[in-house]
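Good morning, colleagues. Please look at the structure on the screen while I go through a few of its features.

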Amino acid sequence: MDEQELLRRLREAFKIESAERLASLSTRLMELEKTDNAELCQEIIEVIYREAHSLKGAARAVNLTEIEAISQSMEGVFGAMKRGEITPSSTVFDTMHEVVSFIENILATEQKSAGKDELSAILQQLENLQAGQTPATQKKPPRAAGPPAGNDAAQQIKDTMSSALLKEQPGRQESAGVDAGEQPAASTNESPDKSSQKLKPAVENPHLGSSVRISTDRLDKLLLKAEEMIAVKLSASQEVNELKKLRHSFESWHKKWMRKDALLRRYRKELAIENEQGGTRSAEIQKFLDWNRDFINTMHKDIRILAKSAELNQRFLDRKITYFLEDMKRVIMLPSTTLFAPFPRMVRELGRSQGKEIDLELKGAEVEIDRRILEELKDPLVHLLRNCVDHGVEKPEERRRLNKPERGRIFLHIDQIEGGKVEITLGDDGHGIDPDMVRNSAVKRGLISAEDAARLTEKEAQGLIFHSGMSTASSLSQLSGRGLGMAIFLERVEKLGGQLDFASIPGKGSSFTVCLPLSLATFRGTLVQVAGQPFLAPSSHLVAVLHVNVASIRTVQNKATINYDGEPLSLVGLADTLQLEKPVIRKESNKIQVMVLGTSNRRIGFEVDEVLAEQEVLFKELGKQLLRVKNIAGATILGTGQVVPILNVHDLLKSAVGTVGERFISARTKQEEQKPKSILVVEDSITSRTLLKSILEAAGYVVTTAVDGVDGYTKLKINPIDLVLSDVEMPRMSGFELTEKIRADETLANIPLILCTSLATDQDRERGIQVGANAYIVKSNFDQSNLLQVIEKLI
Amino acid sequence: MNDQHDILLNRARELARPLKDKEHENDVLKIVEFQLGGEIYGLELDHILEVYPLRKLTPMPGVPSFVKGIINVRGHIVSVIDLRIFFEMNCQELTDSTSVIILQSKNMEFGILADAIIGIDTIAKKEIMPSLPTLSGIRADFLKGVSKERLVILDGAKLLADTRLIVDEEVV
């Protein structure tokens, strides 16, 4: 949106505001005229004075200089009245009412400017009021009357006004509907008529009707009630399902009945014969059976009709409520302009105060966002902008030296992206974040060791600015700058269900991208079952749902990890994290369901019983007694009426790791510390060797192979090995001999050793243990999980 | 005829009898009596919003053991407390709670479990005696008194105002 467009919008807002202020002005003027009570008079004058003052400010903000000038003069008059320099007289009131109507007139006709003569006349009248009737003004030269006075405020305004008016002549002409040729005459002849016509108190203002002001409090209440309708929607669909089930059971009854139909008919014939012989009782049973069948059939039909109409109703309700909610949400959406409008000026001024010329490029300010999000966003964005000005953009001389344009550029782009989300990008073309500076600072603060810091990638190092420990110190401006409050910024964004990313190229600039939902109201959750109990995970933080093979879980530093997206991901049980008494229920023994929850910089896999379904829910607080519960953010009520706790992802990530911080440092860094364990496989059969190698490598071990005991022993001497896995029968040197040799060797004696063999006699087992093997696995019951378990126990 | 008339007159008189002194508004307490773990308690009606049947209780993880869970009261979430656990009483016996008594003040709201609701009774204030020496511990803090019939009357206002009942925990 360009500045013109912005100005247009602001003027729309001004029209509404000024109309209110003018209305208030005339009411108060009338009150003032009526009252004799001196105290009340003073009060009213005070209000009028403030109204005029506010009107002046508002007019100035939207560049309506003539209204500003009039308001300023009005303010002057009321100011004098306040000080007792002017006593309200009927002349004063007449003039003031005239002035109010005059302004209304300007607004109503949508003229950018009023007639020059009228304006000067009005200003002159106001001047006279202030000057002519007030001897006191003589003492104050700047406010003194007299057209020739060079520094007279009103005169100055008049001057600027005239030039402004001259520029805007064509616009005025158009709205007055006067031919160009008649123009000079028109301004003198027509204007008085027009103004007298418009001076009637009931000025029709079309802009008053098009919008209403409602207190946010009332709106929020309304929204809440609208949201409650979701529950109605959900329970309606639940009921339809119940009815369908009922219909289904009637259908199965019908099938069963039909299957027995032939039998019944035969029986009927027999009964008929019996009846002829005078059996009334069987006739009665027959009658009853017939009645029964008809009755159930009728019921079946009724249920079918009922289910059908319930389904129609439910669809209707669903549609209506969805639209209703959407409209309701739109009511509390505001264009981002309302938030961003003051930014360009703020940036310009902040920059100037530091000797920097900076332009703020604003794009997409027309995108509408939930008011509550805008409010939450304002402070962090202002903060970020300040950082850009203070620390991002260089001084002009430095920019010249760096061959950059002298004027710095800060950009703020708002884009509506798909899925009801908005992307806000804020950045500058300054010197970016110096990773080394961040590293040093983090080490100095003891957030990270020097070795760890050195190992971080450039981006990971830059990411340290989000560490809460980096945000407290005052010396941050010496750093590349963006430390202060970045942690808070990140937290705020995540609280709103958003995600933050950044890019920074040293020397070129940095940018921060915030991805947020447009509206807070829609809360989508994914229902999961944990230890038999349902929980709801906010879908905004659900990264993925995985089915993980138990065998692929690896242990790194006593912590379980799985591979996700090519990186190791910590794995914990959600039941353990929530401290539920019961464990997770596994449906299959070798597979687990994992939901990956994450915020913008950390992800953890949580094992659950089952991931059920995603749905739209209504977020509810837990009540006054449960102000804050660990790991639980709130609760929701399902269509069935069941209450389900909603998980707090931030808490869960903290609970699972137990430590805060390490933001943006991926788990990769940690894994590098932990070298994979190496295993020597000694096996003469190539098939077995290959099989073992692949099993072990799949489990994350580094595997070295040897073809027999001698080969194995040599390899052990050369390579650092954590564990030996050896066959027993091998040429040249058997597994038993190898074990004995290893145990006798000082440097190797402590290496864990597993013998695996097809020899399954007890003597063999005993011998294996005797020579010093840590474990003895029999190939016949050789399954990989057993082997991996044994290995895991040993190393 | 006359007999009948007398009877009716007597009945009318009976029914029109003024309230007994003890039932005078200011001098009596309206008490909801309920059963919990084999004991009978009373709670002032003034603090009770409603009595709600206990149907589905959703347990909450990570809360003190006296919080039994949350329930849905017409689309509104209410937390439910087991007073016996809060009072640190021994309660091995499993009880079959059927109702939740919802207490409410301006700043607080929660439900307490009740095995059964016995009814509403009016008790004259002067008949309420201070605590029994046998009641000790936390429970004594919330005692309003004991009635002539040895009914233990809990102080609803104190329960509602006690900060020990509030759960406000962060993950550290």
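Let me begin with the open sheet of chain A, in this predicted model. Its 5 strands follow the order β2-β4-β5-β7-β6, and the pairing is mixed. Which strands stand at the edges? They are β2, residues 358-363, and β6, residues 499-505; each has a single partner strand, so one side of each lacks a neighbour in the sheet. From one strand to the next, the twist averages 10°.

Within this sheet, I would draw your attention to β5, residues 421-428, and β7, residues 509-517, of chain A, which pair in the antiparallel sense over 8 bridges. As one point of reference, A:Glu423 has A:Cys515 in β7(A) as its bridge partner. Helix α15 of chain A, spanning residues 371-392, packs on the sheet. The helix touches β2, β4 (408-417), β5 and β7 of chain A, and its direction makes about 20° with that of β5(A).

I turn now to helix α26 of chain A, residues 735-744. Which of its residues are buried? They are A:Gly735, A:Phe736, A:Leu738, A:Thr739 and A:Ile742. Viewed down the axis of α26(A), these buried residues fall within an arc of 160°, so they line one face of the helix. In general, an α-helix has 3.6 residues a turn, so residues three or four places apart point the same way. The cover over the buried residues of α26(A) includes the strands β20 (678-682), β22 (723-727), β23 (753-757) and β24 (775-778) of chain A, together with the helices α25 (709-718) and α27 (762-771). At the start of α26(A), a side-chain oxygen of A:Ser734 comes to within 3.4 Å of the backbone nitrogen of A:Phe736.

A further serine deserves a moment. A:Ser73 is located in helix α3 of chain A, residues 65-82. Is this residue buried or exposed? With a relative accessibility of 9%, A:Ser73 counts as buried, because the cut-off is under 20%. Neighbours within four places in sequence aside, A:Ser73 is in contact with A:Leu123, A:Leu126 and A:Gln130.

Finally, the chain as a whole. Chain A has 795 residues, of which 46% count as buried, and its secondary structure comes to 28 helices and 24 strands. Of the contacts in chain A between residues at least 6 apart in sequence, 68% join residues at least 24 apart. The chain exposes about 40900 Å², with carbon and sulfur atoms supplying 51% of that area. Thank you for your attention.

Methods. Residues numbered from 1 in each chain as written. Chains lettered and ligands numbered in written order. Predicted model: local features only at pLDDT ≥ 70, side-chain atom pairs only at ≥ 80, totals over all residues. Heavy atoms only, no water. Helix = DSSP H or I, 4+ residues; strand = E, 2+ residues; numbered from the N terminus. Buried < 20%, exposed > 50% of the residue type's maximum accessible area, 1.4 Å probe, protein only. Contact = heavy atoms within 4.5 Å. Areas by Shrake-Rupley, 256 points an atom, 1.4 Å probe, with all protein chains shown as cover. Arc of directions from axis to C-beta. Polar contact = N/O pair within 3.5 Å; in protein donor to acceptor, adjacent residues only side chain to side chain. Pairing = 2+ DSSP bridges. Axes fitted to C-alpha atoms, helices over the stretch in contact; angles between N-to-C directions.
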